[in-house]
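Dear colleague,

Please find the structure below, handed over for your work. My findings on its domains and on the surroundings of its ligand follow.

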Amino acid sequence: MNIAVFGAGAWGTAVAAHMSYVHDVVLWGRDTAVLQSIASQRENPRYLAGIKLSPTLKVQADFSAAARHALGQPDALWVLGTPMGALRQTLLQLLEIAPMEQWPALVWLCKGFEVGTGQMPHQVVEEVLGRHYGGALTGPSFAAEVARGLPCALTAASADEPTRQAMVRAAHHAALRVYELDDLVGAEVGGAVKNIMAVATGICDGMQLGLNARAALITRGMAEIKRLAVALGAQAETLNGLSGFGDLILTCTGDLSRNRRVGLMLAQGKSLDTILKELGQVAEGVKCAPVVKQLAAELGVDMPITAAVNSVLFEGLSPGEGVMRLLSREARSEDAE
Ligand SMILES: NC(=O)C1=CN([C@@H]2O[C@H](COP(=O)(O)OP(=O)(O)OC[C@H]3O[C@@H](n4cnc5c(N)ncnc54)[C@H](O)[C@@H]3O)[C@@H](O)[C@H]2O)C=CC1
Ligand SMILES: O=C(CO)COP(=O)(O)O
């Protein structure tokens with residue numbers, strides 16, 4: 001397959017490198033120094049320092065040339081590896097290169113809801129292209145582990161079977177397994193909201209509230225993810241899978257998670273500005289929290305953990321007050337809507 005990956009951050013680089021062991025892959029990024037390091041040292045020092053990347057991965061600083069690498073080919077793929085906030089802009093740039101009737105299969109890697117519109121990635125794609133197209137490659141996957149070739153299982157989520165199969169052909173090899181799923185809404189909601197729960201779990205662990213508290217938080221976090229997902233049209237069972245519980249467990253408990261690290265640093269009393277500077281990478285849960293809180297209010301979905309995280313991030317609530325707010329809620333049935 002001819003594959004072009006857009007976005008040379010941690011995840012775009014890791015996915016491109018993995019795919020390049022089997023396919024002809026070009027990676028585009030806006031930071032030419034990063035691209036030069038990948039070409040000359042086989043390393044992305046900014047996002048995946050110390051990890052040797054595939055010798056066959058090619059880089060391309062020209063967006064249009066990278067896009068054309070996968071245009072007009074019988075079996076080809078565009079992989080959008082930028083954060084959620086750049087999805088719309090990247091799609092519009094691609095439309096300038098070719099009308100969508102000529103596009104290869106399309107896959108996005110971002111996890112979130114768009115700020116301003118509250119849209120899921122597939123809704124942004126649908127609005128820009130005027131029709132449903134493509135799918136999400138998602139699931140529990142720290143970029144550094146995938147880049148090292150460690151085992152990992154992902155979900156290829158799309159309503160469109162050829163798109164799912166293109167994702168499988170592109171990524172199902174070596175230590176990476178790709179499972180098909182047709183519930184794109186469920187996969188996208190799981191991938192987006194687990195980031196907010198990872199911030200919450202980071203706060204909980206940073207405050208040393210114990211393992212019982214962590215298990216409770218993750219489980220109640222899933223209850224609220226499921227409520228939102230179902231309200232948006234997902235199948236509840238999807239949330240039990242890789243893109244749901246799988247990614248929730250990974251991100252809430254793994255210290256490689258940027259979102260979890262945001263929570264750990266909030267518990268140390270650091271300001272959000274300081275944290276984001278220290279992190280130097282995207283933590284989608286921060287942008288997503290107010291959007292999901294608003295969406296939940298519009299849909300009448302109870303999301304107390306999301307609301308508390310949002311208040312700690314943006315409304316001056318201290319982490320301790322956030323915990324007290326959750327603990328002081330009235331007793332209710334475990335399966336309450
Ligand atoms: N890092 C990981 O382990 C995983 C990340 N993801 C998701 O993948 C997406 C990307 O994450 P990472 O690569 O980890 O982020 P990152 O912070 O490592 O890198 C982001 C990259 O996007 C680029 N970028 C930002 N805005 C851009 C724009 N307007 N145009 C072009 N490039 C732009 C930055 O220059 C940078 O190269 C996020 O939505 C994240 O949630 C999903 C699974 C795993
Ligand atoms: O989505 C991820 C793992 O599946 C990465 O999580 P973080 O963005 O919190 O690092």
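The domain bounds used here come from an automatic or database domain assignment. Please note that this is a predicted model.

Domain arrangement

The assignment divides the protein into domain 1, covering 2-182, and domain 2, covering 192-327. Between the C-alpha centres of these two domains the distance is 25 Å. Contact between them involves 21 residues of domain 1 and 20 residues of domain 2.

On the side of domain 1 that touches domain 2, strand E7 (152-157) and strand E8 (176-181) each contribute at least two residues. E7 provides the largest share of that side, namely four residues. In terms of residue class, the side of domain 1 that touches domain 2 comprises 14 nonpolar residues, six polar residues and one charged residue.

Surroundings of ligand 1

Which residues are the closest to ligand 1? They are Gly-9, Ala-10, Trp-11, Ala-86 and Cys-110, within a shell of 26 residues that surround the ligand. Helix H1, residues 10-19, gives the most to this shell, with three residues.

Both domains take part in the shell around ligand 1: domain 1 (2-182) and domain 2 (192-327) each supply at least three of its residues. By class, the shell contains 12 nonpolar, 10 polar and four charged residues.

I would be glad to receive your comments.

With kind regards

Terms used. Residues numbered from 1 in each chain as written. Chains lettered and ligands numbered in written order. Predicted model: local features only at pLDDT ≥ 70, side-chain atom pairs only at ≥ 80, totals over all residues. Contact = placed C-beta atoms within 7 Å. Nonpolar A, V, L, I, M, F, W, Y, C, P; charged D, E, K, R; others polar. Near = placed C-beta within 6 Å.
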